[in-house]
Amino acid sequence: MSLFITFEGPDGSGKSTQIKLLSDTLTASGYEVLTVREPGGTAISEQIRAVVHSLRNREMSDRAECLLYNAARAQLVDQLIKPHLQRRDGIVLCDRYADSTLAYQGYGRGLDLAAVKSVIAFATLHLRPDVTFYLDIEVEEGIERRKRGGGEWNRLDDQAVEFHRRVRAGYLQMVREEPERWVCVDAARAVDVIQAEIWEVVSLIVR
Ligand code: TYD
């Protein structure tokens, strides 16, 4: 069987740590695991990432931003995600996916949600995740962790706190609207507690 799992939530919520732990567990169980991140994952998508995240591109319009994330996504879907899901026992773990566009460009920037959804459908050819984990933390805590973490500080991180509040509210709304796909995880807890909660869900699907 193939399985497409995505992770959403702010940087600092521990997404990458949890993805690595889940990937190790699944690989040890004999699955072919592909781990990718958005925006990025292919040479073309990484070039788009550099443009869309550059602090020098402050004049970028919201629609251009939305389309660039989706251009990067279309390339990733065609080049890596779809081919991997066609393999026997192919599992794809993706650090952010289409829901990030709905949260940041839709709820955050205020672009029309129906328009954003149709752009996403075109970019992904309607490929949707089987399960999406939302690693939830308070907005202020997320910003603190991003600053402490010392990783990339990009154009999106640089938005006002109200923007990040709208993004989080958007995620929580999506979780409520589609509970059969979303799993909301309290990311303020210890790494091993979160890991166990995620494995509880995934192990039920793969076994
Ligand atoms: P990144 O540095 O990859 O870190 P993290 O995923 O851990 O936050 O940042 C990706 C940024 O891009 C993040 O601020 C969210 C933003 N983003 C969008 O606004 N729309 C999108 O469609 C995607 C994929 C990401």
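Me: What is the volume of the second largest cavity?
Reply: This is a predicted model. The volume of the second largest cavity is about 40 Å³.

Me: Which elements give two or more residues to the lining of the second largest cavity?
Reply: Gln18, Leu21, Leu22, Thr25, Gln195, Ile198 and Trp199 line the second largest cavity. The elements that give two or more residues to this lining span 15-28 and 191-206, that is, α1 and α8.

Me: Which element gives the most to the lining of the second largest cavity?
Reply: The lining of the second largest cavity consists of 4 nonpolar and 3 polar residues, with no charged ones. Its biggest contributor supplies 4 residues, and that element is α1.

Me: Which elements each supply at least two residues of the lining of the largest cavity?
Reply: There are 13 residues in the lining of the largest cavity, with Pro10, Val139, Arg146, His164 and Arg168 nearest its centre. By class, this lining has 8 nonpolar, 2 polar and 3 charged residues. The elements that each supply at least two residues are α6 and α7.

Me: Which pocket corresponds to the space taken by the ligand?
Reply: The shell around the ligand has 15 residues, and Lys15, Arg49, Arg96, Thr101 and Gln105 are the closest. The space that the ligand takes is the largest pocket.

Me: How many charged residues are in the shell around the ligand?
Reply: The shell draws at least two residues from each of α2 (43-53), α3 (62-85) and α4 (98-108). By class, the shell has 3 nonpolar residues and 5 polar ones, while the number of charged residues is 7.

Me: Which element gives the largest share of the lining of the largest pocket?
Reply: The volume of the largest pocket is about 620 Å³. Among the 28 residues of its lining, Asp11, Lys15, Arg49, Arg96 and Asn154 are the closest to the centre. Two or more lining residues come from each of α1, α2, α3, α4 and α6. The largest share, 4 residues, belongs to α4.

Me: How many residues in the lining of the largest pocket are charged?
Reply: α4 gives 4 residues to this lining. Divided by class, the lining of the largest pocket holds 5 nonpolar and 11 polar residues, and the charged ones number 12.

Me: Which element supplies the largest share of the lining of the second largest pocket?
Reply: The second largest pocket holds about 330 Å³ of space. Its lining has 19 residues, and those closest to the centre are Asp99, Leu102, Lys117, Arg128 and Arg181. At least two lining residues come from each of α4, α5 (113-124) and α7 (161-177). The largest share, 5 residues, comes from α5.

Me: How many nonpolar residues are in the lining of the second largest pocket?
Reply: α5 supplies 5 residues of this lining. The lining of the second largest pocket divides into 2 polar residues, 6 charged residues and a nonpolar group of 11.

Me: Where is Pro39 placed?
Reply: Glu38 and Pro39 are joined by a cis peptide bond, with omega of about -10°. The place of Pro39 is the loop between β2 (32-37) and α2.

Me: In which loop does Leu125 lie?
Reply: Leu125 is not a glycine, yet its phi is positive, about 50°. His126, also other than glycine, has a positive phi near 65°, and its place is between α5 and β4. Leu125 lies in the loop between α5 and β4 (131-136).

Note on methods. Residues are numbered from 1 along each chain as its sequence is written. This is a predicted model: local features need pLDDT of at least 70, side-chain atom pairs count only at pLDDT 80 or more; totals for chains, interfaces and linings use all residues. Side-chain values use heavy atoms; hydrogens and water are left out. A residue is near a molecule or strand if one of its heavy atoms lies within 4 Å of it. On a 1 Å grid over the protein atoms alone, a cavity is a set of points where a 1.4 Å probe fits but cannot get out, and a pocket is an open set with protein on both sides within 12 Å along at least five of seven lines; lining residues have an atom within 4 Å of a point. A molecule sits in a cavity or pocket if more than half of its atoms lie within 2 Å of its grid points. Ala, Val, Leu, Ile, Met, Phe, Trp, Tyr, Cys and Pro count as nonpolar, Asp, Glu, Lys and Arg as charged, and the others, Gly among them, as polar. Grid points are joined across faces, edges and corners, and a volume is the space filled by probe spheres set on the points.
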